[in-house]
Amino acid sequence: MNALPWTIYVSFLGALLVACLPARNVYAIRLAALFAGVIGLVLGLYAAVNFEAGAGVVTLIKHEWVPAFGAEYHLAADGISVVMVLLTGIAAVTGILFSWNVTHRLKEFFAFFLLLIGAVYGVFLSFDLFLFFVFYELAIVPKYFLVAIWGGQNREYAAMKLVLYSFIGSALVLVGIVATLVVSGGQSASLVTLGQFQFAESFQYWAFPLMFVGFAILAGLWPFHTWAPTGHVAAPTAASMLLAGVIMKLGAYGALRAGVCLFPEGLIAWQNVIGWLAVIGIVYGASVALVQKDFKFVIGYSSVSHMGLVILGLVSMNIVGLSGAILQMFSHGIIAGLLFGVVGRMVYERTHTRDLNALKVMNLGKVMPFAAVTFVLASLASMGLPGFSGFIAEFSVLIGAWALDPTKAVVAGIGIVIGVAFTLRALQTAFFSDTTAKDIQPHEPFEPITLPERVGAVILLATTLIVGLYPKLLLDFIQPALESPLFDALRKGGLE
Amino acid sequence: MIPVNYGQLVLALIPELLLVAAALAVLGADLMVLREQSKRVRFGFAAGFTGFACLAAIFWMTSSTEPATYLGGSFIVSELTQWVKTGLLLLTALTVILFVDGEFTEHVGECVALILMSTVGMMLLVSAGDLLLLFVALELTSLSLYSLVAFDKRSREATHAALQYFLFGGMAAAFMLFGFSLLYGLTGSTLIADIGKGLADKTGDPVLLVAMVMVMAGLGFKVAAVPFHLWAPAVYRGAPGPAAALIASGSKLASFVVLARLMFAGFSGAEGDAAWRSYTVGWMPLLAGVAAFSMVLGNLAALAQSSLRRLLAFSAVAHAGYMLLGVLAVKETGLQAVVYYAFTYGLATIGAFGVAVFVERKRGGDSLTDLAGMAKQSPLLAVCLMVFVLSLAGIPPLAGFVGKFHVFYSAAALKSPGLGLLWLVVLSIATSAISLYYYLQVLKQAWVAKENETAVNLKPGVATLAVLCVLAVLTVILGCAPGLILETLTEALKHSW
Amino acid sequence: MNSFPFITLLTLLPLVSGVLLLGVEKQRQALARHLGFGCSLLTLALALFVGSQFDSSSGELQMVERHSWISSLGVEYFVGVDGLSLVMLLLTALLVPMSMLAAWKLEDRTHTFLALILFLQAGLFGTFTAQNFIHWFLFWELSLVPAFFLVKLWGGPERGKAAIQFFVYTMVGSVALLLAFLGMYLAVGTFDFQKLAELAKSGELVNRMSLNLGWYDLSKEQLALVIAFGVFLGLAVKVPLMPFHGWLPKTYATAPSAITMLLTGAMSKMGVYGFLRIFLPIFQEQILQMQTWLLWLAIATIVMSALAASVQTDLRKLLAYSSINHLGYCLLGVFASACSLDGKSGWSVEASAVLGGTVLQMFNHGITAALLFCFVAYLEERGGGETDLTKFGGLRAAMPVFCGLMGVATFASLGLPGLSGFVGEFLIFKGTFGLVAWSAVLATPGLLITAIFLLRMYQQVFYGPLSTKHAGWKDLDLRERFTVLPALLLVLILGVYPQLLMGLINPTVTKLVEGLAR
């Protein structure tokens with residue numbers, strides 16, 4: 001358990017190590033990066049195995065930092081953190097595996113990548129509001145470079161948009177944090193302590209939207225989602241895997257920890273509005289995905305749609321909805337990673353096009369059976385078919401949403417149906433289009449799917465299947481965590 | 001007439017005297033002994049000597065000073081002043097070493113001596129408890145800096161900048177002097193502490209208000225706050241590297257300390273109220289207004305810049321705005337925040353100027369596009385630039401972030417639990433989100449943009465790189481462990497300031 | 001409680017063998033074929049063994065396996081068989097080898113094809129044995145996936161559109177179903193079919209729904225109706241009931257015949273099974289409230305589909321509509337059986353008859369429809385995919401055996417006494433007449449029209465002048481005969497000795513009826 005902070009340090013050290021290796025030694029760099037990623041994952045797994053579900057919040061390190069406003073270097077973990085750390089570990093390892101073929105400025109790529117991973121670990125393990133924000137902001141910079149340097153078309157525009165949206169969100173959050181600390185007396189920025197503090201209702205009324213929306217911008221809350229599709233599309237594969245897989249979760253996680261847990265009365269006041277925004281996001285994302293011509297945009301918008309469910313779960317004010325939201329965070333992280341892995345790495349890097357109409361005539365279903373099968377399974381998971389992790393997560397969210405307001409649940413259900421439609425459409429057009437032999441464009445034979453890609457895809461697939469068939473594995477972490485003192489205020493506010 | 005113990009005074013002034021001696025020594029050695037040597041050697045000697053003198057002064061201060069006031073309160077020595085002076089000396093030493101291979105002048109000795117003299121001025125400024133001493137110290141700094149700005153006689157731009165700086169500076173000094181005279185007229189004293197007491201029953205006096213505005217004009221000029229910032233772009237753009245760096249770092253740090261002292265101790269009782277929708281006249285609403293305009297104008301103007309130095313100039317205006325928030329919140333934890341902020345800002349800005357000047361020397365221009373390819377040609381330099389720029393932008397875990405956060409927090413906590421100054425904090429946070437755009441433009445050029453094949457390679461010398469690395473590492477360390485400074489400052493402020 | 005996990009084994013067997021098949025090298029098609037067929041026979045054997053272990057005198061769930069799964073949501077791994085489940089299991093187990101044999105000549109990606117069939121089988125097994133909603137829904141949805149790909153990859157010209165239509169239609173239904181169950185879960189906190197039925201019987205379900213859900217100003221009854229409608233929609237699309245049948249003709253017509261055999265034979269039963277297992281016990285009251293409407297829907301389905309079938313010129317479309325028609329009888333029975341006790345002395349007898357007939361009809365229709373599509377497959381093999389009725393004629397001369405065997409199947413389908421189809425339909429009509437006489441009367445024209453269009457079809461194919469094109473067609477070979485033989489035998493046996501199945505069905509039906517009585 002106490003090894004958990006090392007996930008952060010190992011990633012940072014890995015970044016440093018990669019930066020110091022000679023640029024010529026390509027293999028050493030890749031292996032070093034992979035090694036750092038794997039250690040992080042193993043540490044996460046080890047901690048998960050040894051984690052006592054009922055333990056609530058386990059403090060890992062606590063050290064005075066800036067006493068002037070009560071900030072401490074306080075790393076801790078509860079079940080939710082453990083789940084998110086595991087997600088990060090898996091995303092990191094598979095991201096590195098899917099970036100095995102990067103050659104352009106390789107060193108910097110992996111250095112930024114690991115920096116980002118370390119910061120993400122940091123966010124998930126911080127139990128001090130200030131520290132939390134520090135890691136949260138730290139994650140923004142590397143992602144700018146990852147997109148701006150290694151991205152595809154429009155990369156500089158997309159990267160700037162991504163970062164500016166993030167910073168607008170951060171600005172809202174920062175105002176919220178400053179105000180929260182001041183109002184609570186500045187003695188402690190610990191999430192646990194703040195969770196016990198009784199904030200005045202009038203304060204909660206405006207502090208909640210600041211925090212929640214500020215974070216949720218990064219989670220793709222409609223109508224602040226527009227960074228997500230462009231960002232996902234322009235990013236290199238590993239970065240889109242991380243963006244959709246982990247970074248969006250940072251936003252949702254922040255909204256949970258600093259919005260929902262601290263300001264339950266604010267949540268109740270804004271529940272309806274945000275719930276509707278989330279529902280609109282679900283339906284809108286799915287509908288827009290339905291008409292995209294660019295393969296990656298389909299996946300990009302699908303992320304908006306799926307994250308809408310997370311946000312809907314977060315505001316549901318009941319245990320089932322909340323645990324569903326957290327499960328959906330994990331599940332979507334894995335599935336989005338997989339989808340981007342197939343689309344960005346397996347398909348795009350070989351066909352050099354993401355235009356669905358161009359892919360249509362390539363007969364990919366037969367040419368790349370592995371990619372096709374992977375994508376089929378990923379699509380099924382993404383649709384929320386039972387047996388995959390998405391189902392139980394979306395289902396729980398819908399239960400939570402129903403308890404909040406059945407109309408929202410029903411509209412969200414419609415969004416899910418549209419989700420099925422666009423996933424099928426993409427699947428069909430890209431891999432199984434009805435082309436007769438004469439339509440098929442002659443092209444160079446594609447490079448076969450490499451081992452790292454296979455390993456990465458198998459890890460992700462296995463994860464979504466295991467969690468789908470036996471969600472108790474994760475729920476055993478999540479649900480006791482919802483009992484912890486962090487949620488005291490929320491319970492008083494009427495958490496069901 | 002207060003009896004004066006000159007022996008004690010000399011002892012208290014030893015750090016300043018050390019620097020004066022060093023200035024004279026460098027000047028003498030350069031003129032007499034090193035005339036025939038290469039410029040490199042001359043600069044090396046001067047830098048080494050300066051560094052040595054600064055270290056000696058720091059050593060002296062840390063080892064053997066007791067908090068005291070001299071000349072009836074005109075000259076203040078406290079833990080805070082000693083600390084700020086240490087910071088000033090460090091900034092000066094780093095500046096001199098960083099620009100050691102400068103090519104802008106043949107007159108090495110004079111240049112370094114002027115730098116040292118301006119540092120002495122700043123140190124005196126920090127210790128000044130009397131308006132007259134304050135004015136003299138300020139002029140010492142300013143005059144040295146005027147001539148430093150004009151030091152590159154071959155450059156029309158530098159001359160132009162110096163003239164502008166001089167004219168604005170002179171005007172500001174005149175205003176300030178006028179303000180001082182009004183204060184003297186109101187209270188019959190030039191001692192800041194006495195002025196504070198004397199003004200206690202004169203709140204709301206229109207003459208006091210005029211005095212306040214005048215004084216603020218003088219110091220506002222030093223820190224380049226709107227609307228007294230007009231000289232900044234030209235000077236930052238045109239001045240030789242060390243001059244610009246010093247103006248941006250040390251001079252700012254000293255000015256903020258003395259501004260805080262003047263406002264808090266001198267105008268105590270005349271604070272007024274700057275809280276949202278409950279303004280009352282006083283120095284707080286005045287400062288709040290200046291801060292707000294500085295942040296907005298500085299950041300917006302910086303968006304439009306294509307020259308790195310001018311960009312830094314407007315960013316300096318904006319930062320002055322943020323730091324003013326700390327001055328506003330002196331009652332709370334604002335002072336340590338603002339000192340921390342100004343010092344770490346100094347580190348980052350010297351670094352950024354170092355890179356800008358280096359690029360300018362290599363490529364003949366400091367437009368943003370001249371940075372292209374840096375990440376490939378000298379990754380370390382690019383990393384340093386990234387650290388400086390991100391620290392200026394306030395990205396954690398760099399020092400700039402902690403400073404900003406601390407300042408914001410102090411300002412918001414000032415009227416707690418009312419959150420009265422929150423409007424200013426919101427404005428600052430909003431503008432600092434805007435500022436990210438132009439900071440990222442810098443990094444984009446350095447890291448992302450395709451290099452121009454014909455451009456000169458950006459491979460810095462070892463000395464430059466080493467100093468830049470030291471600055472970057474300091475920025476990171478102070479950001480990760482702000483306690484290193486903040487704790488001693490808090491400790492220092494418990495006693496007196 | 002937990003006996004040897006036969007049911008789990010039965011579900012896993014096709015799943016695992018499917019995965020195994022995927023591992024077979026692409027070139028070794030014959031191996032894949034034999035392996036797949038062998039696995040399906042093994043599964044059939046196991047299913048028969050389960051049948052032999054089944055205590056047919058009891059209507060209770062047997063061979064129950066029950067484990068906690070997702071405790072926080074009240075989801076259990078809960079499987080068991082009663083007579084209804086067992087009949088469906090046997091039907092599925094029988095149809096799968098048949099369909100594999102029918103597709104014996106397939107050359108395109110055989111191993112994937114067979115593996116998908118086996119996955120489909122696993123999905124069906126799971127659906128027919130699950131007793132907890134989530135568990136059931138998992139297989140309900142999963143069976144959709146292999147079916148989608150089977151249509152999509154091996155179907156006829158319009159396969160892309162058909163497959164998507166099929167999937168999306170069913171998915172819309174599924175989401176409605178899911179949402180409805182979600183509402184019920186929120187109200188009562190369980191997904192267990194049995195518990196839900198008990199709660200419904202005591203009226204507690206409706207009460208708690210209105211207590212815990214509250215949606216706009218819906219009254220207690222309205223709310224329950226909305227929930228019931230969600231479940232209804234999900235099931236009705238699957239069966240399908242008109243007007244939710246839009247996906248079916250195209251899908252049946254496009255899918256390869258071997259797959260259509262499974263679609264109509266087994267998958268369409270999932271819907272009816274759902275009506276019997278879920279809808280009827282839990283929403284009896286709501287059915288009663290809407291009974292007239294529902295019966296009208298069933299009647300419309302029966303009559304309209306028969307009419308539609310009689311104007312089709314395409315053999316497969318004709319059979320597709322005929323399928324809708326036959327399942328319409330089942331739904332007529334289900335809806336009629338919900339009648340309340342009041343004023344009907346022989347209610348429970350009639351209801352038992354209706355429901356027994358419904359189950360029997362499900363089995364029989366599964367067999368006969370699969371047979372008919374199997375014959376269509378033979379025709380297609382010979383005619384290069386030709387299914388236009390007008391192009392055939394006089395085939396009796398060329399293929400006498402074929403003609404005779406298909407004749408048996410056709411007559412069984414139109415309900416000739418002595419063949420299996422008769423008993424089921426008779427029971428349904430008899431019971432329905434006793435319960436809601438008008439609906440039985442109104443549905444009768446359906447029987448008549450069915451007879452007409454099936455006979456017309458038979459006539460068009462086998463009588464009249466033999467075109468030269470068809471003259472050289474070979475009669476059924478050994479493999480083909482063997483494929484249809486067991487099923488035809490069953491048709492004959494069940495026609496004269498329906499007790500063979502009725503014995504299994506009756507206790508379950510009795511229990512079901514007891515559950516309805518209030």
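Predicted model: local features only at pLDDT ≥ 70, side-chain atom pairs only at ≥ 80, totals over all residues.

Modeller: Let's look at where chain C meets chain A. On the chain C side, 26 residues are in contact with 28 residues of chain A. Three helices of chain C each give two or more residues to that side: α5 (133-142), α6 (144-154) and α7 (159-188). The top contributor is α7(C), with 14 residues. If you sort the chain C side by class, you get 20 nonpolar residues, along with 3 polar and 3 charged ones.

Now for the partner, chain A. It has 22 helices and 2 strands. For 496 residues, a compact globule would have a radius of gyration near 23 Å, and chain A comes in at 21 Å, so the two agree. Of those 496 residues, 70% count as buried. Take the contacts in chain A between residues at least 6 apart in sequence: 83% of them join residues at least 24 apart.

L421(B) is in the loop between α18 (399-413) and α19 (422-448) of chain B. Is L421(B) buried or exposed? It has 26 other C-beta atoms within 10 Å, and 20 or more is the cut-off, so L421(B) is buried. Check out A411(B) as well: it's 10 residues away from L421(B) along the chain, and their C-alpha atoms are separated by 6.2 Å.

Technical notes:
Residues numbered from 1 in each chain as written. Chains lettered and ligands numbered in written order. Helix = DSSP H or I, 4+ residues; strand = E, 2+ residues; numbered from the N terminus. Rg over C-alpha atoms; globule rule 2.2 N^0.38 Å. Buried ≥ 20, exposed ≤ 12 C-beta atoms within 10 Å, placed from the backbone. Contact = placed C-beta atoms within 7 Å. Nonpolar A, V, L, I, M, F, W, Y, C, P; charged D, E, K, R; others polar.
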